[in-house]
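Biologist: Could you take me through this one slowly, and tell me what the words mean as we go?

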Amino acid sequence: MKIRKPCNLARMYASPDRKINANSPELRFMEAVCAGKTEEALSFFREKKLFGDVPPAIDAPYGRFEGLEGIRSFAEGFV
């Protein structure tokens, strides 16, 4: 998909009713992914979730990515 014009994620999704915290882990994760900083993006996750013995996961419109290697695959293939 060709991007017509670059856009800041916060500017794109923020509205008077929906405030976006620029320091939120979700936004910082996506900024790292978009900048191609895979290791920084992975730094937001652990081997296992804090509560429960399950791997972290990301749900995207085109699939579910589980565990650190799955998230690495998502981050490297995103841009």
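Modeller: The protein has 4 helices and 2 strands, and along the sequence they follow the pattern α-α-α-β-β-α. This is a predicted model, where local features need pLDDT of at least 70 and side-chain atom pairs count only at pLDDT 80 or more, while totals for chains, interfaces and linings use all residues. Residues are numbered from 1 along each chain as its sequence is written, and side-chain values use heavy atoms, with hydrogens and water left out.

Biologist: What makes a stretch a helix or a strand here?

Modeller: Both are DSSP runs, numbered from the N terminus: helices are H or I with at least four residues, strands are E with at least two. Take helix α3, which covers residues 38-42.

Biologist: T38 is in that helix. Why is T38 called buried?

Modeller: Buried means under 20% relative accessible area, exposed means over 50%, and partly exposed is in between (1.4 Å probe, protein chains only). T38 has a relative accessible area of 14%, so T38 is buried. A41 lies in helix α3 too, and at 1% relative accessibility A41 therefore counts as buried. Across the protein, 24% of the 79 residues count as buried.

Biologist: Which residues does T38 touch, leaving aside neighbours within four places in sequence?

Modeller: R72, A75 and E76. Contact means heavy atoms within 4.5 Å. With the neighbours within four places left aside again, A41 is in contact with F29, A32 and V33. The C-alpha atoms of A41 and R72 are separated by 8.2 Å, and these residues are 31 apart along the chain.

Biologist: Now the helix pair. Why are α2 and α4 called oblique?

Modeller: First, the general idea: two packed helices are described by the angle between their axes and the distance between the axes. Axes are lines fitted to C-alpha atoms, for helices over the stretch in contact, and angles run from 0 to 180 degrees between N-to-C directions. Helix α2 (residues 25-34) and helix α4 (residues 67-78) have axes that come within 8 Å and cross at roughly 55 degrees. Angles under 35 degrees count as roughly parallel, over 145 as roughly antiparallel, 65 to 115 as roughly perpendicular, and the rest as oblique. The two helices are therefore oblique to each other.

Biologist: Which residues meet there?

Modeller: F29, M30, V33 and C34 in α2 meet I71, F74, A75 and F78 in α4. By class, that contact has 8 nonpolar, no polar and no charged residues. For the classes, Ala, Val, Leu, Ile, Met, Phe, Trp, Tyr, Cys and Pro count as nonpolar, Asp, Glu, Lys and Arg as charged, and the others, Gly among them, as polar.

Biologist: How do you know that β1 and β2 pair?

Modeller: Two strands pair if DSSP finds at least two bridges between them. Strand β1 (residues 57-60) and strand β2 (residues 63-66) pair in the antiparallel sense over 4 bridges, and they form a hairpin with 2 residues between them. In β2, A57 has E66 as its bridge partner, and I58 has F65.

Biologist: Last one: what makes a group of residues a nonpolar core?

Modeller: Such a core is a set of buried Ala, Val, Leu, Ile, Met, Phe, Trp, Tyr and Cys residues joined through side-chain atoms within 4.5 Å. The largest nonpolar core has 12 residues in all: F29, M30, A32, V33, A41, L42, I58, A60, F65, I71, F74 and A75. α2, α3, β1 and α4 each supply at least two residues of this core, and the largest share, 4 residues, comes from α2.
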